[in-house]
Structures are given as structure tokens and as C-alpha cells.
Amino acid sequence: IKQKKRHMGDTKHFCPVSLKEHFILHPGLQEHAAKYKEKIYYFATSEYRDKFLKNPEEYVAHGKPIQAPPLRMCLLGTHGAGKTTCGRQVADKLGIFHIQFEEYLQELILPKTKKKVGPHVDEEPEEDDNKIPILSEELEDFSQTKTETETEQSKQEEALTDEEEAIKANLIDGSDLPPEVLDNIVLDWWKKEPFRSTGFVLDGFPRTVDEVKYLAERGLCPDVAVYIQVEDSDILDRLFPPRLKKWKEKRRKKKEYKKKLKELNAKLRV
């Protein structure tokens, strides 16, 4: 027996309620289907189906096609794969936002930490200045006073909130961000302006299975997810030379500093 061809609704297999209320293309499920004016509509949840059936005219097209949301892309890949470079190029070409997830997290806590944190930060810890001999008692007293003052200021600056502590832990060792923290960060990119009507390339998120589940549970469906796969040797060739150059430059500056300090101590002895 030939099955009758199904006439899909205006939003095809996407949920019309999610599109109307959240401007998100969320695939509907067959178990949450409904028929209206001889057309089949699929919904993300049974609650959305019931909402549609109460007032279907609010969610169907009238005279012209329903406007589709802008592109929302997730760009994935290991550190050094080139996500940020590709993300910027795509965003510039399409006129949408480029969001570098890790950089965004750094900016959220930077006012208190005063410096970026995490294993991928280019800045390396400076050597302890106490290892450099200072012969002048006056300089030692000044250095000690300055160090104590900076320590007190540092303690005040690093009084992070629970949310900021979670972000810092995530940047340092990859600890999972709680859903309530992600709600304060990720939801805005899908639901608030100017991202809602412009679109974006989200670079570096999701990174874990739990983060993928978070997006699914919140109904935040990207239109496309691209994974950039690169050979380890290519990543090494890309990341090692600039880091070696920075290391050499820091080493040169330290030698200059020690030389000037030695000259200053010699003058103070006279």
C-alpha cells in the first residue's frame, strides 16, 4: 500500500515554538508531532506541542516564509589546530561574531587575577628576584616593603567569587564548569542581542561530553560543528618557534636587568 506523502509544516522538521520564542532551530521529534491544516509539525517537547495546539496561528507563516535564525557555528579542535585563525576568517567573511571561548573566560576574571592563567598562557613565571644578590641594605629594605605591599594587594585582588573560582579552575586544570556558570555565559550568545540576530562562530566550545550534554539539555543547537584535525608535527612546527623566540627575548632582558643591578650595587658601595 502506498503511503501518502506527508506535507510538512512551515518549519519542516524543526520545532516552530523553539524558532518563534527562542529563534533557535531545534529538531523536533516524531513522538511530539501534531497536525494542523493538513500539515505535520514536529516539536522539541510535548509541552511545546501543547503550546502550539492552543494557539497555532501564532507559530505558522502568514503571507511570507518564516525567518530563519542566523548561522551559529561551533569550531572544535586541539590546542594549536588553528581554530582561532579559521574562526576569525569565517566570521569576517560572513559578517558574524567570533567568540574565542577560553579568551572570553580569561577576560571574565582578568580584573581580579591581573594576569592570564592556565597551561596555554604564553607568559612564563619570572625567576625569583631574591636569587639576585643585592648588597645595599637600603635596596633590600625597599624591596622587602614593596614585596609586602604587593602581596597584600594581590590577596585583595584575588578574592574571587565562587563563579570566578570555577572559571579559574577550568582554565588551569580543565575542571568542569557547573551548569549555572555556563548559564551566565553561554545562554546570552543564543538568546540575547546582538548575537541573537547576527550569529557567531564559537571557537573552542563545547570541549567535553558534559558540555555537549549541556547544550542539548538547554536546547542550544548549533547549525554546524566543524572539527579541525591536524598532525602533531604540524602543531609543533606552529607553536614551538614563537615560544622559543619569546623565551630568548625574556632571557636577554633578564641578563640586561642583572647587569644594570650589578652596576647599581657597585655604585652604592662607593
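**Note on the predicted model**

1. α10 is followed by G219, a residue with a positive phi, near 70°. The model is predicted, and this point concerns the helix that precedes G219. Within α10, the residues E211, Y214 and L215 are buried. They span an arc of only 95° around the axis, so they lie on the same side of α10. V209, A216 and E217, on the other side of the helix, are exposed. The buried residues of α10 pack against α7 and α8.

2. Overall composition. The chain holds eleven helices and six strands. Of its 270 residues, 30% count as buried. Among contacts in the chain with a separation of 6 or more, 70% come from residues 24 or more positions apart.

3. The largest nonpolar core. In soluble globular proteins, nonpolar side chains tend to be buried together. The largest nonpolar core here has 25 residues, and F101, V186, W189, W190 and L202 touch the most other members. At least two residues of this core come from each of α4 (101-113), α6 (162-173), α7 (179-185), α8 (187-191), β5 (200-203) and α10 (209-218). Apart from it lies another core, of ten residues, including C15, Y41, A44 and Y59.

4. The surroundings of W189. Leaving aside residues up to four places away in sequence, W189 touches I99, F101, Y104, F195, R196, F200 and L202. Both W189 and F101 are buried.

5. Aromatic pairs. A search of the whole structure finds nine aromatic pairs. One of them is formed by F97 and F195, a tilted pair with 4.8 Å centre to centre and 55° between the planes. F97 belongs to strand β4 (residues 97-100) and F195 to helix α9 (residues 195-198), so the pair ties together parts that are 98 residues apart in sequence. F97 counts as partly exposed because its relative accessibility is 29%. For F101 and W189, the ring centres are 6.2 Å apart and the planes stand at 85°, so this pair is edge-to-face. The pair also links distant parts of the chain, with F101 in helix α4 and W189 in helix α8, 88 residues apart. Elsewhere, ring pairs link Y36, Y41, F43, F52 and Y59 into a cluster.

6. The β1-β2 hairpin. Strand β1 (residues 29-36) pairs with β2 in the antiparallel sense, over five bridges. Within this pairing, A34 stands opposite Y41 of β2. Two residues lie between the strands of the hairpin, and K37 in the turn has a positive phi of about 50°. Strand β2 (residues 39-43) is largely enclosed by the rest of the structure, because four of its five residues are buried.

7. Strand β3 and its partners. Five of the six residues of strand β3 (residues 72-77) are buried, and the strand is mostly covered. β3 runs parallel to β5, to which four bridges join it. β3 also runs parallel to strand β6 (residues 224-228), with five bridges between them. C74 is involved in both pairings: C74 stands opposite L202 in β5, while the bridge partner of C74 in β6 is A225. L202 is also one of the residues that touch the most other members of the largest nonpolar core.

8. L19 in helix α1. L19 lies in helix α1 (residues 16-22). With a relative accessibility of 7%, L19 falls under the 20% limit and therefore counts as buried. L19 and P69 are 50 residues apart in sequence, yet their C-alpha atoms are 7.8 Å apart in space. Not counting residues up to four places away in sequence, L19 touches T11, I24, L25, I66, Q67 and P69.

Key. Residues are numbered from 1 along each chain as its sequence is written. This is a predicted model: local features need pLDDT of at least 70, side-chain atom pairs count only at pLDDT 80 or more; totals for chains, interfaces and linings use all residues. Side-chain values use heavy atoms; hydrogens and water are left out. Buried means under 20% relative accessible area, exposed over 50%, partly exposed in between (1.4 Å probe, protein chains only). Two strands pair if DSSP finds at least two bridges between them. Contact means heavy atoms within 4.5 Å. A nonpolar core is a set of buried Ala, Val, Leu, Ile, Met, Phe, Trp, Tyr and Cys residues joined through side-chain atoms within 4.5 Å. The arc is that of the directions from the helix axis to the C-beta atoms. Rings of Phe, Tyr and Trp (its six-membered ring) pair if their centres lie within 6.5 Å; planes under 30 degrees apart count as stacked, over 60 as edge-to-face and the rest as tilted.
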